[in-house]
Amino acid sequence: MSRWAGAAIIAAVFASGIPAAATDVSYSFVWQGGNGHEMRGAMSFDSALMTAPEVYARDLSCFVIEGTHNGTPIGRWALGMLNEQTTWALTFLPQDAAFAVFGPRHMMPQAWNMDGFGTDCGASGFGFNIGNAAQDLCVDGRLVLGSQVAPDQPFPATPDPSVRFPADACPRPDLIGALDFRALRGAGAASR
């Protein structure tokens with residue numbers, strides 16, 4: 001087999017997507033922001049956590065988000081892009097099939113490649129945050145004020161066993177394990 005044929009086969013496998021592991025449960029979700037902003041995504045985690053009160057960022061095996069503005073792509077982020085400079089916190093409520101939103105128990109429950117100031121998603125980057133001021137997006141290292149909605153707007157997710165993840169959404173466990181989670185910004189939420 002030629003080098004190019006082998007590369008074509010590998011590319012075809014990645015293009016077709018990666019299913020979650022057999023013991024994982026997968027969810028898809030759509031977030032409706034302000035002024036035509038929308039974010040779609042998917043995640044998976046071990047099905048044993050379905051009885052847990054909360055699932056956190058460290059529990060995920062796959063995760064990806066993609067944003068649009070009036071239907072035009074504006075950015076994406078996947079778990080394989082996680083590094084020690086990434087703000088990464090996630091709180092999911094499996095019994096409610098919803099992400100935690102701002103409230104007395106959850107002051108900043110979601111920080112997906114975006115801190116509370118909305119300025120750290122990076123050049124050409126994309127992120128999402130729920131804090132005390134709003135639910136909003138970060139694009140190209142800047143807070144997108146027009147995307148903002150109320151911080152307590154419900155954010156449901158739908159069980160979806162048909163999800164096929166892009167390759168960068170499901171990093172190998174040994175790569176994630178090599179990260180020092182205490183050093184990650186948002187470590188308080190990520191280390192729960």
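**Exercise 1. Determine the handedness of the disulfide between Cys62 and Cys170.**

*Solution.* The torsion about the S-S bond of Cys62 and Cys170 is about 115 degrees, so this disulfide is right-handed. The model examined here and in the following exercises is a predicted one.

Step 1. The sulfur atoms of Cys62 and Cys170 lie 2.0 Å apart. The cut-off for a disulfide is 2.5 Å, and the two residues do form one.

Step 2. Next, locate the partners in the chain. The bond links distant parts of it: Cys62 belongs to strand β5 (residues 60-69), while Cys170 sits in the loop between β15 (164-165) and α2 (173-177), and 108 residues separate the two.

Step 3. Finally, consider accessibility, for which buried means under 20% relative accessible area. Cys62 has a relative accessibility of 3% and therefore counts as buried. Cys170, with a relative accessible area of 16%, is buried as well.

**Exercise 2. State how many disulfides the structure holds, and describe the one that joins Cys121 to Cys138.**

*Solution.* Step 1. The structure holds 2 disulfides. A disulfide is a covalent bond between the sulfur atoms of two cysteines.

Step 1. Cys121 is joined to Cys138, with an S to S distance of 2.1 Å. The torsion about their S-S bond is about -75 degrees, so this disulfide is left-handed.

Step 2. This pair also links distant parts of the chain: Cys121 lies in the loop between β10 (110-112) and β11 (126-130), Cys138 lies in strand β12 (residues 135-139), and they are 17 residues apart. Both Cys121 and Cys138 are buried.

Step 3. When the bonded cysteines are numbered in sequence order, the pairing reads 1-4, 2-3.

**Exercise 3. Identify the strands that pair with β12, and decide whether the residues of β12 are buried or exposed.**

*Solution.* Step 1. Strands of a sheet pair through backbone hydrogen bonds, either parallel or antiparallel. On one side of the count, 5 bridges join β11 to β12, and these strands run antiparallel. Another 4 bridges join β12 to strand β13 (residues 142-149), again in an antiparallel arrangement.

Step 1. Individual partners can then be named. Gly127 stands opposite Cys138 in β12, and Phe128 stands opposite Leu137. In β13, Val149 is the bridge partner of Gln135.

Step 2. Now examine the connections. β11 and β12 form a hairpin with 4 residues between them. β12 and β13 form a hairpin with 2 residues between them, and Asp140 in that turn has a positive phi of about 55 degrees.

Step 3. For β12, 5 of its 5 residues are buried. Gln135, Leu137 and Val139 point one way from the strand, whereas Asp136 and Cys138 point the other way.

**Exercise 4. Explain why β11 is described as largely enclosed by the rest of the structure.**

*Solution.* Step 1. Of the 5 residues of β11, 5 are buried, so the strand is largely enclosed by the rest of the structure.

Step 1. The two faces can be inspected separately. Phe126, Phe128 and Ile130 are buried on one side, and Gly127 and Asn129 are buried on the other.

Step 2. β11 also pairs with β10: 3 bridges join the two strands, which run antiparallel. Within this pairing, Asn129 of β11 is the bridge partner of Ala111.

**Exercise 5. Give the strand order of the open sheet formed by 3 strands, and name its edge strands.**

*Solution.* Step 1. The order is β4-β8-β9, with antiparallel pairing.

Step 1. β4 (55-56) and β9 (98-99) are the edge strands, since each is listed as pairing on one side only.

Step 2. Between strand β8 (residues 91-93) and β9 there are 2 bridges. Phe92 has Phe99 in β9 as its bridge partner.

**Exercise 6. Describe the largest nonpolar core and the contacts of Phe155.**

*Solution.* Step 1. The largest nonpolar core has 30 residues, and those with the most contacts inside it are Phe63, Trp88, Trp112 and Phe155.

Step 1. At least two residues of this core come from each of β2 (24-32), β3 (37-46), β5, β11, β12 and β13. β2 gives the most, with 4 residues.

Step 2. Leaving aside neighbours within four places in sequence, Phe155 is in contact with residues including Phe29, Trp31, Met39, Phe99, Trp112 and Phe128.

Definitions and conventions:
Residues are numbered from 1 along each chain as its sequence is written. This is a predicted model: local features need pLDDT of at least 70, side-chain atom pairs count only at pLDDT 80 or more; totals for chains, interfaces and linings use all residues. Side-chain values use heavy atoms; hydrogens and water are left out. Buried means under 20% relative accessible area, exposed over 50%, partly exposed in between (1.4 Å probe, protein chains only). Two strands pair if DSSP finds at least two bridges between them. A nonpolar core is a set of buried Ala, Val, Leu, Ile, Met, Phe, Trp, Tyr and Cys residues joined through side-chain atoms within 4.5 Å. Contact means heavy atoms within 4.5 Å.
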